[in-house]
Amino acid sequence: MSVIAEISIPATEFELGRIMDVSDSGTVELESLVPTGERAVPFFWVYGADFEAFEETVFAASSVDDLVQIDTYDDRVLYTFEWSVENDAVFRAVRTVNAYILNATGTGDSWRFELRFPSHDAMSAFQERCRECDIGFEVIRVYNPSKPDLGPWFGLTERQREAIVLAVEEGYYDIPRDCTTVELAEQLGISDQAVTERLRRAIVRLVTNTILTSPET
């Protein structure tokens, strides 16, 4: 049976947390992590940070190639870069045990991950790998996706709920569609690419926390 765990890790304990240094004022929200062999392409929002200082820190990291601004708004920027996963013990452990990152949000102090593991043994293996690498972490809660203790939104974040509710209300899922991701993006104040990714993550989370209970799927 699959299991979901919410885990907090200090930002200084793993490479991506150190790279994405947003000091005390900013927040990072991972939108997606696209694997490309031994490297990965993360897409992430940075909110309320010193963006110039943030970019200097990222560019200074030897494992990062070509930081790119995808979208810019008054208080947030969507970035992407190519990055070597092999240098990060946390993400290496996630990949090794075949876990799936449902959500990842970071501040200057710590990151909070929501991870879906294929089994309790896989979760234990992830924790053991973190200990072997001297990575401190706190398990906030563990639950089975079939259990009804997910709150009123079945584990959706506020932003994911906002996006998928708007998409349904505006007819995005109607046949034919009554609106586009561009129109949804204008209402949400983000890019159409970010809308697509947010809807995808919302659907994955809803399915995971409602009907996906078999460990083989």
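Which residue forms a salt bridge with Glu29, and how far apart are the closest N and O atoms? The partner is Arg159, and the closest N and O atoms lie 2.7 Å apart. The legends below start with the whole arrangement and then come back to this pair.

This is a predicted model, in which local features need pLDDT of at least 70 and side-chain atom pairs count only at pLDDT 80 or more, while totals for chains, interfaces and linings use all residues. Residues are numbered from 1 along each chain as its sequence is written, and side-chain values use heavy atoms, leaving out hydrogens and water.

**View 1. The two domains of the protein chain.** Domain 1 covers 3-143 and domain 2 covers 158-209, with bounds that come from an automatic or database domain assignment. Their centres, taken over C-alpha atoms, are 24 Å apart. Domain 1 brings 21 residues to the contact and domain 2 brings 16 residues; contact here means heavy atoms within 4.5 Å.

**View 2. The area buried between the domains.** About 1400 Å² is buried between domain 1 and domain 2, and carbon and sulfur atoms give 39% of that area. Buried area is the accessible area (1.4 Å probe) that two parts lose on being put together, summed over both. On the domain 1 side, Glu31, Tyr100 and Leu102 lose the most area to domain 2, together 33% of what that side buries.

View 3. Three salt bridges cross the interface of domain 1 and domain 2, each a side-chain nitrogen of Lys or Arg within 4 Å of a carboxyl oxygen of Asp or Glu. Twelve residue pairs, both at pLDDT 80 or more, are in polar contact between the domains. A polar contact is a pair of N or O atoms within 3.5 Å; within protein, one must be able to donate a hydrogen and the other to accept it, and residues adjacent in sequence count only if both atoms are side-chain atoms. Strand β6 gives the most to the side of domain 1 that touches domain 2, with five residues. Strands are DSSP runs (E, at least two residues) and helices are runs of H or I (at least four), numbered from the N terminus.

View 4. Glu29 sits in strand β2 and counts as buried because its relative accessibility is 7%, where buried means under 20% relative accessible area (1.4 Å probe, protein chains only). Among the residues that Glu29 touches are Phe43, Trp45, Asn103 and Arg159, not counting residues up to four places away in sequence.

**View 5. Close-up of Glu197.** Glu197 lies in helix α7 (residues 192-210). At 14% relative accessibility, Glu197 is buried too. Glu197 touches Glu31 and Ser32, again leaving aside residues up to four places away in sequence.

Conventions
Buried means under 20% relative accessible area, exposed over 50%, partly exposed in between (1.4 Å probe, protein chains only).
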